[in-house]
Amino acid sequence: MNKMKEEINSRIQCNFSEVGCDVHIVISELSAGSLRVALKRPKKVIGFPDSFSIGPLWRLNEKIGQSFRNQWLFENINDELNDYEYEEKFKYTLWEVENIPEHIPIYLWHGNNTEEQVGLRFILYLLKDKNNKIYLINSTETYEMVASNKIKEEPIFHTGQIEPNYLRLIFEKAAKNNPLKEEERILFHKQWKSLSQNKEVLRLLIEGEIHAVPENYFDSMILETIDNLHKKQDNKEFVKTGNVIGEIITRMDGIVNLYFLEYRIRYLIYSGALQLKGIPKTINHYYVKLPD
C-alpha cells in the first residue's frame, strides 16, 4: 500500500510541476480545506496535520526528533488519529514540501497564535535550501483590514477560523507583498534552531514572541474552573470533562489546544487532585470532580 501511494504521489508531483501553479502552505488540515475552496485554480495547498503549540519540537526536522515527538503524542494525547495515521500524514506532508519545484512561488499562511507561528518557522527551515520566492501572509492581521466590520463581533486568532470568501480577499490583498529577503529567512532559521534545541511540551505566544511555559501551566485554571462549576450545582457532583474544557476555552483570549487540556486533566486525576467517573479514552467519555 505504501509503495503504491509513493508511486501515485510521484506521478501527481510530475503533473504538478508541469502545471506550474502557486503553492500555499498552512498549519492545520482545516485551514487547508478552506483555502482549497477559497483560491482559484491552478493552485496547490499543503496543510500540516499537527499542532505545534504542544509536544516536543526537539530536532523535529530530523527523523530522530519526529520519532521522539510521535512517542510523546502517542503516550499523552487523546486525539482523533491513531499513531500510525498521524505519522503517515506527517511524513507525506514533509514529502510534499520537499518536492516543491524550484521555480514555483510559495505562500506561507500564518496567524498570530502559537501553533501557526511555530509552524511558520518550522516550514521555513524545511525550505532553507530552496531558492523559491517565499511570501508570508498574516491571515489574522489582514483579516482585520478586509473584515473590519466583523472583527468586533468575533475575534479571529487562527487561519482556520476564517471563512473562504474572506480568505480570498486576504490573498488578493496580501499577494502584493514583497517576497522574504534572505536575511529575513536566515533570522527565521535561527529562531527555529533555538526552538528545536529543547524538549518542552507547551508553548504560548506572549507579546508576539514564542515562549516555552511549564507543563502544568493550565493546571490551576482547570481546578478553578471545576470549582466554579461545582458552585453552580446544588450538590458537588461529577462534571463532564468536555464541559470543563469548553468553559476554559471560552475564558481564554486566544487559542488553546483542547487535547492538551484533556491530558492535564488526566494527569490531575492520576495525581489525586481530581476524582474520576468513567473511562478517560476521549473527552466526552468521563467525568471529574474535586475530592470530597
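**How the helices pack**

Modeller: Helices H10 and H11 are oblique to each other. Happy to walk you through it, and please keep in mind that this is a predicted model. Two packed helices are described by the angle between their axes and the distance between the axes. For H10 and helix H11 (residues 258-270), the angle is about 125 degrees and the axes are 10 Å apart. Why is that pair called oblique? Angles of 65 to 115 degrees count as roughly perpendicular and those over 145 as roughly antiparallel, so an angle between those ranges is oblique. The crossing in which H10 passes H11 is right-handed. On the H10 side, the residues that meet H11 are Thr241, Val244, Ile245, Ile248 and Ile249, and their partners in H11 are Leu258, Leu261, Glu262 and Ile265. Sorted by class, this contact between H10 and H11 has 7 nonpolar, 1 polar and 1 charged residues.

H10 has another neighbour to look at. Helix H9 (residues 219-231) packs against helix H10 (residues 241-251) at an angle of about 110 degrees, again with the axes 10 Å apart. That angle makes H9 roughly perpendicular to H10. Here, too, the crossing is right-handed, as H9 passes H10. H9 brings Met221, Ile222, Glu224, Thr225, Ile226 and Leu229 to the contact, while H10 brings Val244, Glu247, Ile248 and Arg251. In this contact of H9 with H10, 6 residues are nonpolar, 1 is polar and 3 are charged.

Now let's move to H7 and its partner H6. The axes of H6 and H7 come within 9 Å and cross at roughly 100 degrees. H6 and H7 are therefore roughly perpendicular to each other. From H6, the residues in contact are Ser139, Thr142, Tyr143, Met145 and Val146, and they meet Tyr166, Leu169, Ile170 and Lys173 of H7. By class, the H6 and H7 contact has 6 nonpolar, 2 polar and 1 charged residues.

Which residues of H7 are buried? They are Tyr166, Leu167, Ile170, Phe171 and Ala174. Around the helix axis these residues cover an arc of only 145 degrees, which puts them on the same side of H7. There is a handy rule behind this kind of pattern. An α-helix has 3.6 residues a turn, so residues three or four places apart point the same way. The buried residues of H7 pack against S1, H2, S3, strand S4 (134-138) and helix H6 (139-146).

Tyr166 and Ala38 are 128 residues apart in sequence, yet their C-alpha atoms are 8.1 Å apart in space. Ala38 is one of the buried residues of helix H2 (residues 29-38), together with Ser31, Ala32, Ser34 and Leu35. Looking down the axis of H2, you would see these buried residues within an arc of 165 degrees, so they line one face of the helix. Leu30 and Val37, on the other side of H2, are exposed. What covers the buried residues of H2 includes strand S1 (22-27), strand S2 (43-48), strand S3 (106-110) and helix H7 (164-174).

Finally, look at the loops on either side of H2. Most residues other than glycine have a negative phi, and most peptide bonds are trans. In the loop between S1 and H2 sits Ser28, which has a positive phi of about 95 degrees although it is not a glycine. Ser28 counts as buried because its relative accessibility is 13%. In the loop between H2 and S2 you will find Pro42, joined to Arg41 by a cis peptide bond with omega at about -5 degrees.

Terms used. Residues numbered from 1 in each chain as written. Predicted model: local features only at pLDDT ≥ 70, side-chain atom pairs only at ≥ 80, totals over all residues. Heavy atoms only, no water. Buried < 20%, exposed > 50% of the residue type's maximum accessible area, 1.4 Å probe, protein only. Helix = DSSP H or I, 4+ residues; strand = E, 2+ residues; numbered from the N terminus. Arc of directions from axis to C-beta. Contact = heavy atoms within 4.5 Å. Axes fitted to C-alpha atoms, helices over the stretch in contact; angles between N-to-C directions. Parallel < 35°, antiparallel > 145°, perpendicular 65-115°, else oblique. Left-handed = near helix turned anticlockwise from the far one by under 90°. Nonpolar A, V, L, I, M, F, W, Y, C, P; charged D, E, K, R; others polar.
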